[in-house]
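Please look over the structure shown here before reading on. The report that comes after it goes through a few residues and their surroundings.

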Amino acid sequence: MTSVINEVLEAVIGLMNATNPFATVTRGALPTGEGLVCEIGPSIPEEVYLDKNAYIPLDVTLNGKHKNLKTVSDAMNGIHSALTRARSYPASERWQIVDISNQNLPQLIGREENNDWLLASALTVNFYWKGD
């Protein structure tokens, strides 16, 4: 069975890909070529209830790389805008995303030797873990 955390992250990646960025958002490290990746950052439950359900702000990083700075910036800013301005979010029997907020907007972190631009950002995915 997939963990709740991974289910929530996969749902968020689905929302990101629904914005039709220049590349499919995947998990893990940036590829050698152009791409967008998403992964879980340091997170802890904010509230744990007596029934062991929990409210969790899940920190999620989004990193991008592209030869054209405007292309990667537009894609990442578009993802941030779409996710933080949404009026409804995915849910399952085990979890429900309550809100997604900006933690760090896309920012330039460097340029590779091949002149690909590197940008990094972070979102907070607030979700309710309904328990198992």
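The sections below take up backbone angles, a strand pair, and the contacts of selected side chains.

## The model

The structure is a predicted model.

## Positive phi angles in loops

Most residues other than glycine have a negative phi. Asn 20 is not a glycine, yet its phi is positive, near 55°. This residue sits in the loop that runs between α1 (4-17) and β1 (25-27). Asn 20 is exposed because its relative accessible area is 66%, and the cut-off for exposed is over 50%.

Lys 52 also has a positive phi, of about 75°, without being a glycine. Its place is the loop between β3 (47-48) and β4 (54-66). With a relative accessibility of 63%, Lys 52 counts as exposed.

Strand β5 covers residues 95-111 and strand β6 covers residues 117-129. The two strands pair in the antiparallel sense, over twelve bridges. In this pairing, Trp 95 stands opposite Trp 129 in β6.

Five residues lie between the strands of the hairpin. There, Asn 115 takes a positive phi near 75°.

Is Asn 53 buried or exposed? Asn 53 counts as buried because its relative accessibility is 10%, and buried means under 20%. Asn 53 lies in the loop between β3 and β4.

The side chain of Asn 53 takes part in two kinds of pairing with named partners. Another, of 3.1 Å, joins the side chain of Asn 53 to that of Tyr 128.

## Lys 65, a buried lysine

Lys 65 is placed in strand β4. Its relative accessible area is 3%, so Lys 65 is buried.

Glu 7 has its place in helix α1. At 21% relative accessibility, Glu 7 counts as partly exposed, because the cut-off for buried is under 20% and that for exposed is over 50%.

Which residues does Glu 7 touch, not counting those up to four places away in sequence? They are Thr 2, Ser 92, Arg 94 and Trp 95. Glu 7 and Trp 95 are 88 residues apart along the chain, and their C-alpha atoms are separated by 8.7 Å.

Two of these residues are joined to Glu 7 through side chains. A polar contact of 2.8 Å links the side chains of Glu 7 and Arg 94. A polar contact of 2.7 Å links the side chains of Glu 7 and Trp 95. Trp 95 is also the residue that stands opposite Trp 129 in β6.

Notes:
Residues are numbered from 1 along each chain as its sequence is written. This is a predicted model: local features need pLDDT of at least 70, side-chain atom pairs count only at pLDDT 80 or more; totals for chains, interfaces and linings use all residues. Side-chain values use heavy atoms; hydrogens and water are left out. Helices (H or I, at least four residues) and strands (E, at least two) are DSSP runs, numbered from the N terminus. Buried means under 20% relative accessible area, exposed over 50%, partly exposed in between (1.4 Å probe, protein chains only). A polar contact is a pair of N or O atoms within 3.5 Å; within protein, one must be able to donate a hydrogen and the other to accept it, and residues adjacent in sequence count only if both atoms are side-chain atoms. Two strands pair if DSSP finds at least two bridges between them. Contact means heavy atoms within 4.5 Å.
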